[in-house]
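Good morning, and thank you for the time. Please look at the sequence and the model on the screen while I speak.

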Amino acid sequence: MAPRVLVSDKLSKTAVQIFAGGGVEVDYMPDLGKDKDKLLEVIGQYDGLAIRSATKVTEKLIQAATRLKVVGRAGIGVDNVDIPAASRKGIIVMNTPFGNSITTAEHAIALMFAVARQLPAADASTQAGKWEKNRFMGVEITGKTLGIIGCGNIGAIVAARGVGLKMRVIAFDPFLSADRAAHLGIEKVELHDLFKRSDFITLHTPMTDKTKGIIDKAAIARMKDGVRIVNCARGGLIVEADLAEAIKSGKVAGAGVDVFEVEPATDSPLFGLDNVVCTPHLGAATSEAQENVALQVAEQMSDYLIRGAVANAINMPSITAEEAPILTPFVQLAECLGAFAGQVTEEAITSVEITYDGSVAAMNTRALTSAALAGLIKSQVSDVNMVSAPIMAKERGIQLTESRRDRSGVFDSYIKLTVVTEKQTRSVAGTVFSDGKPRFIQIKGINLDAEVGRHMVYTTNNDAPGIIGLLGTVFGKAGVNIANFQLGRDRPGGNAIALLYVDSPVPEDVLDAVRAHKEIASAKPLRFDVADVAG
Ligand SMILES: NC(=O)C1=CN([C@@H]2O[C@H](COP(=O)(O)OP(=O)(O)OC[C@H]3O[C@@H](n4cnc5c(N)ncnc54)[C@H](O)[C@@H]3O)[C@@H](O)[C@H]2O)C=CC1
Ligand SMILES: O=C(O)C(=O)COP(=O)(O)O
């Protein structure tokens, strides 16, 4: 069945063509994002949801989205998506991090000019036949100091434009390196310094707990008199009432505002003030940017839904379309190792160590680790996948270590998973054979070579004669067919294990008959719900 995607915001129709061309069924309802109740009603029918900023992907919507696998944001900011809730539900959230950045940077520059020369008010006055040449005295931009808060993709483009306009550009961004600042020809400064020195301030950070209200009354008090402020990032970065107050008092000479605390903004303390230029969240609104983001989000979502490739996900490591087929057998192996460890571990897990040995070490091990964690946690929580597993492991306080090493044994590559609980440490290792199927090659340090089947039984016992006969007889009597039987031991007469791949689940009373034997320490039924296992 073809995956189904809902487009609930106004995306370029290019997205529809890409989805349809890629084998994805698509419903284009650009106004649905504004109708919360209707969206809640229909969301259960879709595997993908393509949005801009109008659709709010709340926890409630996510709970109702029983089939949803991916949310694609045709744009940059994902503050309208409850990412932790999506991650917990195993839903990938992806954006298009570059598609509208030039356009948004240009809008910031446009607002800076509009505020410097009071263009909207001058336009209105002129068209009203007033010719108020003396009223609209502006300021020059050349030689002025432009303070950029948040110098990522958009901030850096604004910086380059500012330098081109002969401004002195300074930036505050904790993640801006000195090298990058030098390369951009700008000065990296602290926030208080930026406030003190800037003639123009422009905001380009995401909306986070740290950036919310970064421009408030106290911040404004530290700024130069007559500063002009531009916000093309997110409304909540500025406390609108504080800015309005400062404009009325003349402390701030003007503001260019594209984004608002509440959107759509039908009312704001900034409306009607002299030299405040407002636009209705138009930062990304050019035909070029909208083509870019629509095309990109549709390609990314189709690639994920059809081929399992992951690009630009906020809550999952990337997997390219080329990488996906090579990685898939190892993803399955990692999940089987996790599932084995999860099913034989009954106590709370304190830490997990994953070792990648040989050629697998050069692969996308973040994705493989997520798969191993998903397998591990699946024995306790059925609704977990590679997206939600890392967050669930973290919530459970599981410490994670990952190590890689060059080929150290007979296998071209293998993965070893060690799970530590308060009582014991357990390890299981596996590889992928040339048939692409996962194999267990070591359990508790005991070597074996076991095909992974959907239904399996794992026993631990003393190495003594008669165990094969016992299992064969008990299972045979119960009508359970053994497809494959693997044994291993640490030394003659020592600890032994058996791993049986059976054609059907083994009833508990049959296992009890096995457990009753004096040489058997434990007998566990196992299940592996992974695509490429046998059975
Ligand atoms: N008005 C509009 O239509 C549009 C608005 N945006 C907004 O612009 C924002 C920035 O976009 P990009 O530059 O592409 O993102 P980005 O992720 O490339 O850059 C954001 C920068 O902010 C910095 N940052 C984070 N926390 C900070 C803090 N507390 N103080 C200072 N800097 C901090 C980061 O280190 C990063 O360098 C987006 O998050 C989005 O909200 C984006 C596109 C269109
Ligand atoms: O990409 C972003 O972060 C934006 O803010 C653009 O928003 P929009 O897609 O125009 O609703």
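Let me begin with a definition: the expected span of a helix is 1.5 Å times one less than its number of residues. Helices here are DSSP runs of H or I with at least four residues, strands are runs of E with at least two, and both are numbered from the N terminus. This is a predicted model, in which local features need pLDDT of at least 70, side-chain atom pairs count only at pLDDT 80 or more, and totals for chains, interfaces and linings use all residues. Residues are numbered from 1 along each chain as its sequence is written, while chains are lettered from A and ligands numbered from 1 in the order in which they are written.

Helix 5 covers residues 101-116 and, with 16 residues, reaches 23 Å from its first C-alpha to its last, close to the 22 Å expected. A residue is called buried if 20 or more other C-beta atoms lie within 10 Å of its own, exposed if 12 or fewer, and partly exposed in between, with C-beta atoms placed from the backbone. Is helix 5 mostly covered or mostly open? Helix 5 is mostly covered, as twelve of its 16 residues are buried. Among them are S101, H107, L111 and A116. After helix 5 comes Q118, with a positive phi near 50 degrees.

Two further residues concern phi. W131 is not a glycine, yet its phi is positive, about 50 degrees. W131 lies in the loop between helix 6 (119-127) and strand 6 (145-149), and is exposed, with 9 other C-beta atoms within 10 Å. N312, also a residue other than glycine, has a positive phi near 55 degrees. Its loop runs between helix 12 (287-307) and helix 13 (323-344); N312 is partly exposed, with 19 other C-beta atoms within 10 Å.

Next, a peptide bond. Which residues does a cis peptide bond join? The cis bond joins E263 and P264, with omega about -5 degrees. P264 sits in the loop between strand 11 (252-257) and strand 12 (276-278).

Finally, a pair of helices. Helix 14 (residues 365-378) and helix 15 (residues 388-395) pack at about 65 degrees, with their axes 8 Å apart. Axes are lines fitted to C-alpha atoms, for helices over the stretch in contact, and angles run from 0 to 180 degrees between N-to-C directions.
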